[in-house]
Each structure stands twice: as C-alpha cells, then as structure tokens.
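This report describes one protein structure, feature by feature. Please look over the sequence and the model before reading on.

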Amino acid sequence: MEEVCEGKDFSFPKQEEKILHYWSQIKAFETQLSLTEHMPEYVFYDGPPFATGLPHYGHILAGTIKDIITRYQSMTGHHVTRRFGWDCHGLPVENEIDKKLDIRRREQVLEMGIDKYNEECRSIVTRFVEEWEKVITRTGRWIDFRNDYKTMDLKFMESVWWVFAQIYDKGLVYKGFKVMPYSTGCKTPLSNFEANQDYKDVPDPEVMVAFPIIDDPQEASFVAWTTTPWTLPSHLALCVNANFTYLKVRNKYSKKVYVVAESRLSALPNDKPKENVPNGSVDSKKLNSKTKGSSGGKKEAVDTSYEVLEKMTGASLVGKKYEPPFDYFKEFSDVAFRVVADNYVTDDSGTGIVHCAPAFGEDDYRVCLENKVISKGETLIVAVDEDGCFTEKITDFSKCYVKNADKEIIEALKRKGRLVKSGTIMHSYPHCPRSKTPLIQRAVPSWFIRVEQLKEKLLENNKQTYWVPDFVKEKRFHNWLENARDWAVSRSRFWGTPLPVWISEDGGEIVVMDSIEKLEKLSGVKVFDLHRHNIDHITIPSSRGPQFGVLRRIDDVFDCWFESGSMPYAYIHYPFENVELFEKNFPGNFVAEGLDQTRGWFYTLMVLSTALFGKPAFKNLICNGLVLAEDGKKMSKSLKNYPPPIEVIDQYGADAVRLYLINSPVVRAEPLRFKKEGVYGVVKDVFLPWYNAYRFLVQNAKRLEIEGFAPFVPIDQATLQKSSNVLDQWIYSATQSLVYFVRQEMNGYRLYTVVPYLLKFLDNLTNIYVRCNRKRLKGRTGEEDCRVALSTLYNVLLVSCKAMAPLTPFFTEVLFQNMRKVSNTAEESIHHCSFPEAEGKRDERIEQSVARMMTIIDLARNIRERHNKPLKTPLREMVIVHPDVDFLDDIAGKLKEYVLEELNVRSLVPCSDTLKYASLRAEPDFSVLGKRLGKYMGIVAKEVKAMSQESILAFEKSGEVTLSGHCLKLTDIKVVRDFKCPDGTAVDDMDATGDGDVLVILDLHSDESLADAGVAREIVNRIQKFRKKSALEPTDSVEVYFDSLDKDKAVSQRILQSQEQYIRDAIGSPLLPSSLMPSHAVPVGEESFHGISVSFDTELSFAIKLARPALVFNSDAIVALYSGNSEFARCLQTYLLSRDHANLKTEFQHGNGKITVDCIENVPAVSLVLRKHVYLTVGEFFCRTNSE
C-alpha cells in the first residue's frame, strides 16, 4: 500500500475528481453492467425531470436515494439498467418560449405557425442537459446519459399512443366538459396538483347581488354573495341549502325586501341608503370596507335595520324563478334562473345563497347538471376564451380580460339597481406556477380517463405495494386514491404528444391510433415524427365511404403527466420492442421521488398500470421529504437563500453531501432545512475518523517494511477467526452484525436505519478497536500479533468499505484502490465487488460485553470529572458491580487490560453482590400507576416505598409483585440503586455511578507511586505532542533524550526509574539520559518544559531532545578487529557514519546481525557483529548496558 497523508492534508473533493477520472478510464459503470449481464434483472424506473432548469438539492437527494439502492442491488447479484430520462413536453417548455417570443394570445401561435413554435420548443428542451450530466455525475450517481430516453422521441411517443389506445378500447375514455383550474397566462388547464403549488394572499372584490323573485307579493329579492363578479354574466342558477332556515326581511329605511339565510342576516348592510338612489341600492363607496369572509356590520345594528316578514325552509325555496342579473343567456330561461338545493352551500360566509355559473365552478357545474339546468355533453357555452377574455356572447364586456372586467360589472350592477353591497376581501388565491397569473375555474372540453370506475382496483393495487415510509402510502396516497376523480388527460396546447384520435366531420366515426404503422396504413402517408405540425395535416378516408368525407385529428395533446405515467412502457418502446424484458419484469422493482409526487408521478403510474394491466406499476417505493433553505423557506434563486450544490460539493465532497442528506429526516418524508455546516459536520465526525483509522493501518503496515520485516500481506479471514484476542473476536462479530443488519434494512429500503448503524460501527472501529489496540498495531506486542491485528483491521475496513460503497462511492473507492495492492483481488473497482455476506457465527455475548465495557469507561470518566481527576492521574482500583457472572468474567478477564489502560487504573475488582456497594429502594412510577390505581394510589405508593431490599431483589427476579391486592410489573416500579460507601472508607476517597444496569466504583485515594505514574504519563504526553510539533510521522524513527533542569534531580530520577517500562512502551523506545547523546547524532528538535506538578509542593522542569537514531561504537572491540590499529578503526567508524542508517539496518538484518566491510581503501576487510562492535541506536546500547 502507498503511504497516505495526514487527514488535514487530505482533500476529499480532489480525491473524488481523481476517482471520477479513474472510473472514466476503466469504464467502471459499463463494466459493472457487463459483469452482471447474466444476473436477474432489477427494474428501476427513473422519473424524468425537465431539462429547462438546473438540478437542485431535491434532485440530488432523490438521485442519491436511487443511486444507493441501484448500487446495492448490483452488488447483491442483480443486473440494474439505469437510463436517464427527460420530460420534454408541456407547459414548462411552452412557457419559456412564450416569454422569449412575447406570446400572450393563442392566436399568435397560430399566426407564426405551429411548426415554427414547436421547433422553438424543441430547441430549448436539451438546453441544460450538459449541466445536468455534470452535476449528476459529480454527485457520484451512475446512470446512462448516452442511452437516455426523451418523452419527445418518436418511439416513446408511439408507446404513449399505444397506452391511450388500450385504455380507449377498454371503454375507459370519454369526452366531456370539466371545470378545471385554468391558467390564462399559459392558456391551458392545470391539474389539481399543479394548481395547488402557488397560493398568494391577494385582495379581490366581494359583492352582494339582488335577484328579484318573479311574482313575489312583497317584490322580494334573493341576495347572493360572490368574490368573482366576472362570473355573473354567465349566471344560470341560485343554490340554497335545503336544511337551512331562510328569512324574508324588509329594510326599514329603503323598504327593500331580501331573502337570506337566518344565520347570515348579520351580513346584510345596515346603513341607511342614500336618497334618490334607484331601487334602494347601497352606495358601494360608503360600504367599501376591507374584510375577510363576508362583510357586514354588527348584528345588533342589522337587527334594528330589518324586520322579519317570513321564516321558511331552504327546501321550500327550490324551484322559485327570479330575474338574472344579465340577459346574455335568456335562451335558457325555461330551465335556468331558478333555485336549486345542495349541501355544498355553507353558512360560514356570504348569505347562504350561492350564485351558479356552471362554466366557471366545479360545484356549480355539478349542481346545474344534477338539476338539469344544463345537460351532459359538449353543449355548454363557455363565454370566456383561452386567453381569459369574454367572447362575443357577452356583448357589453367582449374581449375584456375577466379579472379586469370586475369593476365594470360592479358598475353595471349598480346602474341596474342590483348591487346590495360591495367591498374588498383579502384571501389566499391560487396562481399559475409558471406565468404567475391568477387562476380561474373554467369548463374545458377534455378527454377523460374513468379513474372513478377504477377506484376499488386502485386501492387494492396500492395495498400490493411497499412504501418507505409506510404512512405516505396508508394515509396521503390512500386518501388521494379514495377521492380520485376522472382524469382529464388532454390539453389544448401545441408542444406535446398529440392525442391519436381521428374523428369524422359528423362525429359519427372515431379511429384511435395505437401505432405509427396503423396511421401509415390508413392514411397512406409516411410518418417520421409524431408532433402536431408533422401529423395534423394527415387525414383518413372514412370507412363508410367517400360521401362521408375524411377523418381529421383532434387538436389536443396529452397532459405531460400522462406521458411520464407511461414511462414504464414507453422508455423501452413496449410493445413494439423488448416484449420479453417487460413482461418478465413488470411491475418494476423500485421507484423513488419526493413527497409531492404522491399526487403526480406516483399517481399517474398507478392509474395507467391499473387501467392497462390491473396491476401496480411498481413493487417498492421510497418517498423523500422536501429540502428547504436553512430559514425553513422554499429554496429560491431570487432570494439566494441556499448555497449552490456544486459549491458545497467542491468544498466538502459529494460523499459528505450524500451522507448528510441520507442521514436526515428527509428520507422519512419529513422536511430538511439544509445547512452547509451540517455537511462539514459529516466530514469532521465521519470521514476524518474513518480516514484516520485507514491511515493508521497504512502507516503501521509500512512500519513493518521500515523495520526490516516482510511486507504486509493480510492474513486470510479463516485464520483470523481463530484469533484469541478479545477485541479481534469482538470486531469480527460486530462486522458480521453490521453486514446482517445492513442487508436486512437495505432489502427493506430503510435507508434511515442503515446510516446511523453504519456510523456507529465506524465510531466503534476508530474509538474502540483502533484506540485500544494501538500497541498491537504498532508492533509493541511482537511481529506476529501485530500482523494479526493489522490483518483484522484491514479486513474490517475492507468489509465496511464494501458495505458503505453504495452510500459513499468515492471515499470507499479511494480506500479500496490502495488496499487492493496487498491482496489478490481481481476487481478493478469496489463497485464491481459483491456485497459482503454474513459469514460465521456472531458472538452476541462479546458484543454486549464490549458495549458494557464502553459504558463502564464512560461512567468512570464521569466520576473522574466530578472529582477533578484527569485521566493522566492514575487511580488504584475500580470495582464493577453487576449480577451477570459471564459479563464480570469478560470484564475481569479478556477486557481487563483495555479498561485499565483507558481509565489509567491499577486494578479491577468484579463484584456480583449488588448489595455490597449499593442500597436498593423502590419508587412507584406515578405516571404509569396514577390513572390505573386512582384513589388507591396513595396506599400502594406507601407499600412500594416500604419494600425491603430482599423483596426488591425478589421482585426483580420474578418480574411482578402484589401489593394491597394490585399486581405490579417491572414497568410500574423504579428500582433505584444508591451507592453505599464501605465501612471505614472516607467519603472523599471513593465514589460511584451507574446507568441502571452496571455500577462503577472508583477508589480516589492517592499515594506517591500513583503520583509518579501520573507524572510519567504527563512526560509521555509532552513527548508525543513535541513529536507532532516537529512534523514527525508515526513511522519516523527518533531517539528521545531527557535532561532534568532541576537543582535536585533525585525526584525525576526516581520517577524515570520506577516508570521506565511504561514510558518505553508508550513512546516505543527508552527515554535516554541527555548525557548519552553522541556528538554525531543529528538533532530534530529541543524543547523545555516547566511546572510539571509531582505533589502539592514539588514541580519538575526538564528538556526533551529528539534526534535521528545514531550509531554507538564499541571502540575497543573495533580496534581489536584491526589488531590494535586505531587509524583503521577510525576509518571504519567514519565510513559507517556516512552510510544511510536505514540501509545499514537492512544489511545487518539480511546478514543475521553480521556484515562484512571490505570497501575502504587501504583498510583490511573485517566482519562486524551487531551489538558486539556496533549498536544501531543509542537506545540499544543503553538497554544492553543496563541489563548487564
């Protein structure tokens, strides 16, 4: 393995760029597809985005989820085709062109020509494709952009035709009117999904209008309230609620008589009318108060202004005729201008009487249809054109935009004496998300799919699907299907897939095309493109004979949601190609998009697949929440309230962004407030510790070579499983648990459980295995044990990298590429490897024991902090109290050395007697028992508190106890363990803490030997920091010299002698007296330290010198080699000092401690023996001398 830099110098983004280049070089994605070609197909449907805008965090989130699942499925033995798709048709594209060409009216498109308009649309469809590919690729997502699909492709459009034709043939298509949200800016109806996207608080007029009742003896008028005066010219009926009580009242001042709901009398105006105003109408300026809901004065004032003439039921008003406000629809007088009843009329606003214009209100249309005011079919007159302007039918306001006509209509009502009251209302009103113009409700002729007829099958199919999270399926999506209405799939637009419907002039013959071949055969025209300008001119001879003329295509195109819902069939050109591929693998395995698609793509997929095949379109679905700006608002380019994705990726890396998004509430369909600092937190808390564990492996594997041992080659897993080291056993078992858990959760599509588990595993790897095994990994326990520890770490890192590869594809590849150099793996990429299998048996006991060990360490640290005893201060003893004997055996046996070292404690005492150091008391859980016991709570609580220690232990063992006739369980009583200091022990000398499971007791009493150990630890700490300050790598070999700066050197001498072994183990070499430093030693650095506390009144000062390893000569032995010739001996020493130290060390190792020197001119050849004639380090010489 190659050496790696420090974490602070490792650039995650730059490494990712290198990996992208490497993947491109080896064609990693293409190779993965070819390697899995023979494996079972895993079908993934990728919802097509529009390429008219740039990708944002929502796209990156959904793309990351898709990438994780498809990478995982590839690694678990599936062939996963991943083709990117583009939504090319519809309003987003047309709206761009309308802005570009300043098109405001439909006629302008027809004047320029549909061909030119559509080609303009085609020209911008792929405007941002390159930017999309750049961003998506940079995020690490593997998907095929070369073999993408576009909804404007000929093959895709042909399959869409086939889908419609199949549904038509099943009798599930009809033509009719539907009142829909209509955008006058885009000149098209919108789906309810689109219409709900942009609500704004706006002021609108509110008016009360009088409708004189025909033949009423008091000349009374019905009073209706509306906030859309522009709909009054198209008025056809008044609607009341049959269950309400209505009043006929007379104004005491104007003498006008009105009929309103009793509960809405207060809404009528109470001011005196102006004199000489015809018909007693009210001055609108005087009453122009801005209110929310219906306007009106105080109830008391109204009551005094009106006298009640008659009380009646709503049902009694049904059928009464009245005079309409305008005469534009007088030809409907026989059936219209009468009162009808329906429960949609409420009394929370208005007058309890609603005016109905069936062409401009969904309920209006339904009520008028049910009451035969209008008839079903295409006869409804819609007096507003596609641009939102009145038609010639409305003579007084013809060609006037409806919202602009409100004032003129109110003035006309005032002149007619029909205006009872006017004002302004501030309310939330829907706007077109594209053109930003206010939406209107407008009846449009449309082709419908009978979704209501499919409702039961849709609900049944929904039950067959698996959603994460499931509440979206069970609540949101289920409720949407429950209330599903027939779907208007046609749009009166230009750039889209044309409806394949040809109709004769008399409407008696309809032909629906299901293929290009059928169109060519019936028309005799060669078809090369299916867009309107290329097929609208094609006619078909009538099958009834020439006298019936020809069939022409209707003008409409498909709602683009119909196209995206057809994606499972159209992207592979089914049924014209790939029949076997489709039929063997439908429904698809997986889809994933945002929460908003429950009413969009998920819905259209389900409707079309149910209509076609009676099946759901997909088996598994992940639904993500919305990514919001940090302030909780929607991300907005204009507000600039979020950092650009590429900027964050270039700063922290794509892996960090991916992990930040996936390890958040957003994968549980909850909103996420995106914070750049959160991405940095992932780098700091996850990737840097992970990298440092990997770097520690590489450094210590390289150390073996530096120290002259054979290069590191990982030991096979079967051999490692036999390791007797408890932490090797633990990390192996933990790794198996990881693999088992990740497979289980990934198979269940629960990414939100996978990531926290993986992160906890990496935390345990770095903070338990690596931290507690530093000595072994550094070779302090012998070469063989070092290789076992390094091999274990290597295998765990490799397995965890493979498990993390789908989530963090770049970083795992970086590690894999270096780690594969010491193994015989054939895979060029980690993403070509198989996902790890759970092998061997997991040791749950050792996993639990290590988890408890970490709890013990945390509890003991808490005690230290409480008593201001830092870790560098050694403590004499700790006691672990727990009833589980197996656990105590582990903690006092296999795990003991790790506990003592981590906590700097001399001895560990296990204790299974829970009463030896603790007293037990029972407390009733009032929150649990209160409701259940009621008045008996006080009696039972008293008995619980009086329980003896023996009865508490018996209760814990049996799990229940009966007190005052009430059976109490473990959840009803809290058992509290209070620390009990042993007799004869001062309170300050011992303390304890527990977590309800284990009790940890520390002996805090100090003495001289403990103090000396603490100083030694401090000296080691200063040396390690000095090494780092001197920019030394852990593998850099230096010798450390100590020089006491105290007058009385006896204290430092005592500490160094008593703690010699600890210091040597900690720094990897003996701490040498500075007097031994040879003159030829190459110094690295020197630093002085003062005020190191030994006791209350004693402090140490000393200097530390670092120097490169230096040779020490046995001059007498060397002179003897040359028979007393000291000049030859001097030449030999000069030669040896000129040699590279590492090379000289290697020569001695290869020669089994001997070398021959025969290259010195005029000096005889001699054989040198290591540690007889020369020592390679001062440390070797010092240890040899001390031992002798």
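## Charges over rings

A charge sits over a ring if NZ of Lys or CZ of Arg is within 6 Å of the ring centre and within 35 degrees of the ring normal. Arg71 meets this rule with Trp142, its charged end lying 4.2 Å from the centre of the ring.

The model is a predicted one, in which local features need pLDDT of at least 70 and side-chain atom pairs count only at pLDDT 80 or more, while totals for chains, interfaces and linings use all residues. Residues are numbered from 1 along each chain as its sequence is written, and side-chain values use heavy atoms, with hydrogens and water left out.

## Domains

The protein chain is divided into domain 1 (188-270 + 303-442), domain 2 (498-556), domain 3 (684-853), domain 4 (1008-1108) and domain 5 (1112-1186). These bounds come from an automatic or database domain assignment. Taken over C-alpha atoms, the centres of domain 2 and domain 3 are 67 Å apart.

## Aromatic pairs

Rings of Phe, Tyr and Trp (its six-membered ring) pair if their centres lie within 6.5 Å; planes under 30 degrees apart count as stacked, over 60 as edge-to-face and the rest as tilted. The count by this rule is 62 aromatic pairs. One of them is the tilted pair of Phe329 and Phe332, with 6.0 Å from centre to centre and 45 degrees between the planes. Phe329 is buried, at 4% relative accessibility, whereas Phe332 is partly exposed, at 22%. Here buried means under 20% relative accessible area, exposed over 50%, and partly exposed in between (1.4 Å probe, protein chains only).

Phe712 and Tyr794 form an edge-to-face pair, 6.1 Å centre to centre and with 65 degrees between the planes. Phe712 lies in the loop between helix H24 (676-706) and helix H25 (717-720) and Tyr794 in helix H29 (residues 783-804), so the pair ties together parts that are 82 residues apart in sequence. Helices (H or I, at least four residues) and strands (E, at least two) are DSSP runs, numbered from the N terminus. Both Phe712 and Tyr794 are buried. An aromatic cluster is formed by Phe10, Phe12, Phe687, Trp690, Tyr691, Tyr694 and Phe811.

## Backbone features

Most residues other than glycine have a negative phi, and most peptide bonds are trans. The bond from Val468 to Pro469 is cis, with omega near 0 degrees, and Pro469 is in the loop between strand E16 (466-468) and helix H15 (470-482). The bond from Tyr574 to Pro575 is also cis, with omega near 5 degrees.

Ala1031 has a positive phi, near 60 degrees, and is exposed at 63% relative accessibility. Asn1162 has a positive phi near 65 degrees and is exposed, with a relative accessible area of 67%.

## Cavities

On a 1 Å grid over the protein atoms alone, a cavity is a set of points where a 1.4 Å probe fits but cannot get out; lining residues have an atom within 4 Å of a point. Grid points are joined across faces, edges and corners, and a volume is the space filled by probe spheres set on the points. The structure holds six cavities of 30 Å³ or more. Of its 14 lining residues, the closest to the centre are Gly90, Leu91, Thr188, Arg491 and Cys560.

The second largest cavity has a volume of about 60 Å³. Its lining includes Phe329 and Phe332.

Terms used
1 Å grid on protein atoms, 1.4 Å probe; cavity = no way out; pocket = protein on both sides within 12 Å on 5 of 7 lines; lining within 4 Å.
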